[in-house]
Amino acid sequence: MFLPTTKKELNQLGWDCLDVVLVSGDAYIDSPFIGTAVIGRVLSDVGFRVGIIAQPNVQGDDICRLGEPKLFWGVSGGCVDSMVANRTASGKPRKKDDYTPGGINNRRPDRAVLVYANLIRSKFKNTCPIVLGGIEASLRRIAHYDYWSNSVRRSILLDAKADFLLYGMAERAVKELAFALRDGKDQRHIRGLCYQSSVRPTDHLRLPAYEEVAGKSNQAKKAFTQMFRRFYENNDPISAQGLVQLHGTRWLIQNPPQPHLSPKELDHIHSLDYQRDLHPFHQKQGAVRALETILFSLTTHRGCYGECNFCAIAVHQGRTLVQRTRKSLVDEARQLTKHPVFQGRIHDVGGPTANMYGVECRKKLNKGSCPEKRCLFPEKCKAMQVDHSEQLCLLEELRQLKGVKQVVVSSGIRYDLILADQKNGLQYLRQVVRHHVSGQMKVAPEHCQDNVLACMGKPGRENLLKFREMFNRMSAQEGLKQFLTYYIIAAHPGCRQQDMQALKNFAQQELRVLPRQVQIFTPTPSTWSTLMYWTGENPFTGKPCFVEKDNQARERQKEVLTGPGTSKRQGEGRSFVKKKGSMKKGILSSRKKRG
């Protein structure tokens, strides 16, 4: 049964009111891939009455259709920051939305979290607490650079005049908050929670004030860099301190992060009673494209230790991998085979990076992420022992399930991890090539020039060429016509027009293909690359960093690979596309059955 979305559904359940109403910028898809559905199911699982208002009409009284909740309103912009969902890298309106019925982008307002919070306040005077959550709130929880206004904005908690903000994945935090509100207990100690106060906690670390970082002077930008570094370094639940930041006369208080979920807890979340479908309330409005991708896919883990500078996963999901057990994944796959429209193909088995499953540093699990170095850049840390055997076993078990004809790994694969696994790397790649590629495999070198890759935090071209040779050789040996799809970012900080031309030459001469999956870099809140874009400085070297800010010149960088006018014909890509836990995009092409 779906969570209720109308008064009629409340009456059918025999409920007179709700404990929690969740408001989202997405249509209501009841799936473990959709954050609002997950939070709703987690709260329902422990006894709270939860309803969902998805994509409310901001004109009129649509926000009132479930009445006022007893405990709190939960407000999210959806699986994607609403400005990214609505605007291209050049600021033009997007015509399509994969989370809106019918696919027309006409239901999600710009700055959706602010709009929904203000809408609630306008309709319900002196209402119960408003709690912000989801990726839009999570990545904007402190003072942050906003590309669309080209300015540093305040914490979204203060701009929304909300009571609380839950950052990160928030399943445990939202339960603690709900129980505290129900029982009349103090909520300000909850980890993973932000609130505002006139009093500063003495045990929290101070960030530079909003007024110090908001200007465009060199001094303000240096303060902004200091702020972001301190913020980023305090995201690991084992080592992080609480943070405070003064905004005018009010303190933004960020408590330390919640501890990572255990595999057992993550298994339980994925075992809840999701309907894996679009709520009937929306179905008359048309299909939702996102459902096509996630319906028959499996999330193996959350978190990513790749820490690409343009990606916000490290801030939102964490730098430590939390994985599900094989039993949980196989049980879920078995349930998928019983779905009435399942045709034998599991579309994806993966996470932010598919082949990180089963691989994590034991030192990090006990002591937290290293503050002064990364797991994979500029090269793999010796403490990170890479072994693909766990994923090999998982994929084999899934292939053996009755009713499963093919299991595809369409999430991105880190080829440097495959090359680093001297014991099982070749075996893993051969099994993926033989059984788990649907015509093409997605890899994301992003660029080939060392100066640009250094700004991105990505490995060099040598690993890509080695991997390409191995993939092509194995595909030929298996008698399979399949190829690699390369994802590229244009106009990233550090990238000039001549770097894109060098990339084109490299692609033509070495890869022997011209990549068409090219995105123009979009600065999104809470990433190192956005910091570089705003300050014009590489924070890791302290040296100036070239930044292309002219929109026409940014488009020309993309067109070096795609040809003139493709940005207008195809639309521009998003910069933080690796948001598994929200949604994965991939091309699922048909191929011949294997013996």
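**View A. An open sheet of 3 strands, ordered S20-S21-S22, pairs in parallel.** Strands are DSSP runs of E of at least two residues and helices runs of H or I of at least four, numbered from the N terminus; two strands pair if DSSP finds at least two bridges between them. This is a predicted model, in which local features need pLDDT of at least 70, side-chain atom pairs count only at pLDDT 80 or more, and totals for chains, interfaces and linings use all residues. Residues are numbered from 1 along each chain as its sequence is written, and side-chain values use heavy atoms, with hydrogens and water left out. The edge strands, S20 (440–446) and S22 (517–520), each pair on one side only. On average, neighbouring strands of the sheet are turned by 20 degrees against each other, direction ignored.

**View B. Strand S21 (residues 483–490) and S22 run parallel and are joined by 4 bridges.** Ile488 stands opposite Val518 in S22.

**View C. Helix H20 lies across S20 and S21.** H20 runs at about 155 degrees to S21. Axes are lines fitted to C-alpha atoms, for helices over the stretch in contact, and angles run from 0 to 180 degrees between N-to-C directions.

**View D. Helix H20 (residues 461–477) packs with helix H21 (residues 497–511) at an angle of about 30 degrees, their axes 12 Å apart.** This angle makes H20 roughly parallel to H21 (angles under 35 degrees count as roughly parallel). Arg461, Leu464, Leu465 and Arg468 of H20 make the contact with Phe506, Glu510 and Leu511 of H21 (contact means heavy atoms within 4.5 Å).

Terms used: Angles under 35 degrees count as roughly parallel, over 145 as roughly antiparallel, 65 to 115 as roughly perpendicular and the rest as oblique.
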